[in-house]
Amino acid sequence: GRLQVWSAKDGQMLRDMSKTGVSQVAWFPGGKYVVAVTSGGLTTYCAKTSAVLKDHHPLNIWTFAPSLYGFPRLTFSDDGKFAVWLRVSHDGEYVIQVWNFQRQKIEDEIRG
């Protein structure tokens, strides 16, 4: 999909962020940031201005699994230090990965 910002009040598009290939968008804890999951990794935006703050390119998140039982595929720890997502590996296995924003790397991976 395409990343756009729309007004909940009147349904008008406020900004087109020119980001395509978006599979999911999530609010960062505290609401200051929005994180988009794309085919190239994670992109963090300022929620107020839509400015790109950081492009994160963790390994092996290219294929995301569909939402299971309505649970989101991307979520954050309460303190915002970690993101957790579900993906499908190249051999079709479901994989849960934990991404450390401060260290810019995958901290843990659970398969099966």
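Strands β4 (residues 33–38) and β5 (residues 41–46) run antiparallel and are joined by 6 bridges. They belong to an open sheet with the order β3-β4-β5-β6, and another open sheet has the order β7-β8-β9-β10. This is a predicted model, so local features are given where pLDDT is at least 70 and side-chain atom pairs where pLDDT is 80 or more, while totals for chains, interfaces and linings use all residues. Residue numbers start from 1 along each chain as its sequence is written, and side-chain values rest on heavy atoms, with hydrogens and water left out.

**A word on terms**

- Helices (H or I, at least four residues) and strands (E, at least two) are DSSP runs, numbered from the N terminus.
- Two strands count as paired if DSSP finds at least two bridges between them.
- As background, strands of a sheet pair through backbone hydrogen bonds, either parallel or antiparallel.

**The sheet β3-β4-β5-β6**

- This open sheet has 4 strands, and the pairing is antiparallel.
- Its edge strands are β3 (22–27) and β6 (52–56), each of which pairs on one side only.
- Neighbouring strands here are turned by 20° against each other on average, direction ignored; axes are lines fitted to C-alpha atoms, for helices over the stretch in contact, and angles run from 0 to 180 degrees between N-to-C directions.
- β5 is mostly covered, with 6 of its 6 residues buried (buried means under 20% relative accessible area, exposed over 50%, partly exposed in between, with a 1.4 Å probe and protein chains only).

- Ser 50 lies in the loop between β5 and β6, and it has a positive phi of about 70° although it is not a glycine.
- With a relative accessibility of 12%, Ser 50 counts as buried.

**The sheet β7-β8-β9-β10**

- Here, too, 4 strands form an open sheet, and the pairing is antiparallel.
- The edge strands are β7 (74–76) and β10 (105–111), and each pairs on one side only.
- On average, neighbouring strands of this sheet are turned by 20° against each other, direction ignored.
- β7 is joined to β8 (residues 82–88) by 3 bridges, and these strands run antiparallel.
- Leu 74 stands opposite Trp 85 in β8.

**Aromatic pairs**

- The model has 5 aromatic pairs: rings of Phe, Tyr and Trp (its six-membered ring) pair if their centres lie within 6.5 Å, and planes under 30 degrees apart count as stacked, over 60 as edge-to-face and the rest as tilted.
- One of them joins Phe 28 and Tyr 33, which are edge-to-face at 5.4 Å centre to centre with 75° between the planes.
- In this pair, Phe 28 is buried at 16% relative accessibility, whereas Tyr 33 is partly exposed at 30%.
- Trp 85 and Trp 99 form a tilted pair, 6.4 Å centre to centre and 35° between the planes.
- Because Trp 85 lies in β8 and Trp 99 in β9 (residues 94–100), this pair ties together parts that are 14 residues apart in sequence.
- Both of its members are buried: Trp 85 has a relative accessible area of 1%, and Trp 99 has 3%.
- Ring pairs also link Phe 28, Tyr 33, Phe 76 and Phe 101 into a cluster.

**The largest pocket**

- The largest pocket has a volume of about 180 Å³; grid points are joined across faces, edges and corners, and a volume is the space filled by probe spheres set on the points.
- On a 1 Å grid over the protein atoms alone, a pocket is an open set of points where a 1.4 Å probe fits, with protein on both sides within 12 Å along at least five of seven lines, and lining residues have an atom within 4 Å of a point.
- Its lining has 14 residues, of which Val 5, Met 17, Val 25, Trp 27 and Val 34 lie nearest the centre.
- The elements giving two or more residues to this lining are β1 (2–6), β2 (13–20), β3 and β5, and β1 gives the most, with 4 residues.
- The lining divides into 11 nonpolar, 2 polar and 1 charged residues (Ala, Val, Leu, Ile, Met, Phe, Trp, Tyr, Cys and Pro count as nonpolar, Asp, Glu, Lys and Arg as charged, and the others, Gly among them, as polar).
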